[in-house]
Amino acid sequence: MIIVVFLSTLAIYILLNVAPGGPLSGIRLNADVKTRVSDADIARLKAYLGLDKPLALRYTTWMLGTDWMGANWMYVGLGRFEQARLNKNGDPVVTTDRTTGETTVETETFRFWVDPGTALYNPGYELWVWGAANGEEEVKVVVETTTGNEITYETLPVFIADTVRVKPPASEAEPKDLATKGVVLSQEGNLVVIQDLNGNKYAVRHTDATQFIFPNGEAPARPEDGTWVNISWLTGADGLLAGWAGYHGDPNGNGSFGVARLDFGKSWRMSPGQPVSGLIMSRLGNTLVLMSLATVLSIVIGIPIGIYSAVHQYSRTDYAVTTFSFFGSAMPVFWFGLMMILLFSYMFKQWNLPFLPTGNVTSVRIEADGSLLAALGAVPGSLVDRMVHLIMPTAVLSLLYLAGWSRYARSSMLEVLRQDYVRTARAKGLVERFVIMRHALRNALIPIVTILVFDIAGIFSGATITETIFGYPGMGSMYFQALGTNDWPVVMAFLLITAILVVIATLVRDVLYTIVDPRIRFS
Amino acid sequence: MAVAEFELEGEKLLTIEEESQWSIVWKRFRKHRLAVAGSILLIIVAVACFAAPLVAPYDPLELIKAENGQILRNDAPSTTHLMGTDNIGRDVFSRLLYAGRISLSVAFIVVAVSLIIGVLVGGISGYYGGFLDDIIQRFVEFLITLPLLPLLLAFSALMRDVTVPGLPREWSSAVIISIILIVFGWMSYTILVRGMVLSLRNQEFAEAARALGMGDAGIIIRHMIPNSLAPIIVSATLGLGGVIILESALSFLGFGIQLPIPTWGNMLNEYQNDMWTQPAKVFYPGLVIFICTLAFNYVGDGLRDALDPRLKK
């Protein structure tokens, strides 16, 4: 399954990046005469966003992040640790509650501890270096300033490190055989620039033979649930990524931990510079409410309707149900939604009936007289307010899903009613209701359960068209907006999550099949 | 088959009147009234749309002028303008007909090409089996697991800027959307044909054909595909409705076929802004999409009943 997930991420990434035009095509399209984007601008933009790198490297960094490149150890696994937030002087930040007088130490949560490479090269860390001097070299030096990164090229003395000690405790006396020491300024590949107390800069090059001494032994013993993996075969001097190690320490601050560690990067346009995961979390709740409501409603109503119409095949009810499901499957949801808005928001207003809000998830201010919200006296943001806003999108989605569910339930039930065991049950004189409830229904529900699993995947990804029409801030409309504004990190995150959910749903469905239907066995 | 009674020299003889396969199908199809109604409606819509230059009262790009020389903007529906005029003064009804031409042709082309690909790949995959079949099936299964609508949206958004060489710029989007719909649409036909071929491959007539020295290509084309034609026709008819909805959904969201080429989907998108003042303009394009899809679904249902009564549910 992991292979399939991996393949689908790979396929989606490659397809989207290789497609003619590429991620930046929309920017040129949206630009009008005044803001004409030249080829040079596009090239600059590509360089800024890292799109000029080879595709394989882009995929690798998208999946695994950039922080580990140039490091020899990578932390694999999920972890989380908290530490006190420190102010500029290095003291913990303490807040005092004004009413109770209680003081709390503010903490920061680091979701994922970084690898020793980054720990080693974290600007500000002190290093003790043993090794031999090796002439001088022109080295790129990046100094973090408040306004951004200052990049200079300087000729510095270079040391080939035998042993590097990271963050030596201040209490320990300095050994005499030390080659150099200093605070990390920046890093480029396996070359670290350090600065000592006198302001002298040195370059330290580490090799595969270099020993690292971390505060807690060989590799920093960091949080739970993970292991350190030696990746020098990948990032070392002869490694596959050796030439690309310079990508690490992106001066534009676009570095990420990679989607494999749940970091989807930063949004380009929707909320520039903010993490995509935050954007998704802000939308996910709304989508979950809408989609689960619509799914539950449609199942609770749709399945009994379908079963009933199958049991009474060719009756008037059956014709009504099949006609309804035909209409539902042919109904373009965008038009249906618009017509609902037209009827319940616009025409109802004309007819002086309590009209519904056209969209969004809550009201911004108290609604005009005559609306349903005003009639209910709903305060913006209250539960009633939210529920009234949910009426129309839920109704549209439920009706459409209802058509599907009643059709599935009907055909599945018809299939079962034709089986021999149902005839046997009838032949031995069972009451019809018992035959249906006990023998037919239970078997008819088997395919339905498996379709249900797929709907659960949809609950997370939302309904793009419905959410867009009703201006409902969920995952689906986020996806639409991201496409419209060319916010590709958001698009990629959404596609990845959807694809993974579908793969998981497929697996769960296959497993469920064997559980609910013992006739099926995997060979 | 109809049994006719003949009187011959005073004796009653039973003779069987031979009927062709298609006349039986036609007889069964006629019983499905909604399917017949659907096909009549589709023929009318298709003729009206494809003969738009003859049928449409106005040019789709012509700005309608009133007697006083003013351009008639947002005119209410009347006898001269059945659905009114839009915000720059074009006749909505004429535009609807011209848009139908694009929407219907895209649907037909997409389904036809996906069908050809699907039949070929499915036929080969089912007939030869083995390693080739495994690879094709894994690939198809993989494509099917990908979320369809989000991917379609992403691709059409990506390729908005692309122009097809040798084509007028405004036609590029129509071609590209068709290609995208084909790329993500051929798999279901492949699965269908593969299943049919698998079940037909080892039947006597196929063996007989092989024994007579017929080549693989000949058996696939002459025997396998004609024998699996019934479900193919049904699923293609249902597929037409599906493609119309997908294309108009993409165009409605602004990522499909771009203006100035009118389609039912982008007309909805265009007129959505005037929804509060001119509800009729939003109503009609959607209604046509709905009715056409519904008609295709009913015709497909009728064809299923007519072509293969075993499939009837």
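Of the 313 residues that make up chain B, 44% count as buried. The model is a predicted one. Chain B contains 13 helices and two strands, and its C-alpha atoms fill a box of roughly 80 × 65 × 35 Å along the principal axes.

Next comes the place where the two chains meet. Chain B puts 36 residues into this contact, and chain A puts in 38 residues. On the chain B side, four helices each supply at least two residues: α5 (130–145), α6 (148–158), α11 (229–252) and α13 (279–307). Which helix gives the most to that side? It is α13(B), with nine residues. Sorted by class, the side of chain B that touches chain A holds 26 nonpolar, seven polar and three charged residues.

In soluble globular proteins, nonpolar side chains tend to be buried together. The largest nonpolar core in this model has 148 residues. The residues with the most contacts inside this core are A:Phe334, A:Leu483, A:Val491, B:Leu96 and B:Ala154. Helix α4 (residues 92–128) of chain B gives the most to the core, with 16 residues. One residue to look at is B:Leu96. Leaving aside residues up to four places away in sequence, B:Leu96 touches B:Met83, B:Met267, B:Tyr284, B:Pro285 and B:Val288. There is also a second, separate core of 16 residues, and A:Leu156, A:Val164, A:Ile194 and A:Tyr202 are among its members.

Finally, consider a pair of helices in chain A. Helix α1 (residues 2–18) of chain A packs against helix α4 (residues 55–64) of chain A at an angle of about 130°, and their axes are 11 Å apart. Why are α1(A) and α4(A) called oblique to each other? Angles over 145 degrees would count as roughly antiparallel and those from 65 to 115 as roughly perpendicular; the angle here is about 130°, and the two helices are therefore oblique. Their crossing is right-handed. From α1(A), the residues that take part are A:Thr9, A:Leu10, A:Tyr13, A:Ile14 and A:Asn17, and they meet A:Leu55, A:Tyr59, A:Trp62 and A:Met63 of α4(A). By class, the residues of this contact are seven nonpolar, two polar and no charged.

Conventions. Residues numbered from 1 in each chain as written. Chains lettered and ligands numbered in written order. Predicted model: local features only at pLDDT ≥ 70, side-chain atom pairs only at ≥ 80, totals over all residues. Axes fitted to C-alpha atoms, helices over the stretch in contact; angles between N-to-C directions. Parallel < 35°, antiparallel > 145°, perpendicular 65-115°, else oblique. Left-handed = near helix turned anticlockwise from the far one by under 90°. Contact = placed C-beta atoms within 7 Å. Nonpolar A, V, L, I, M, F, W, Y, C, P; charged D, E, K, R; others polar. Core = buried A, V, L, I, M, F, W, Y, C linked by C-beta atoms within 7 Å. Buried ≥ 20, exposed ≤ 12 C-beta atoms within 10 Å, placed from the backbone.
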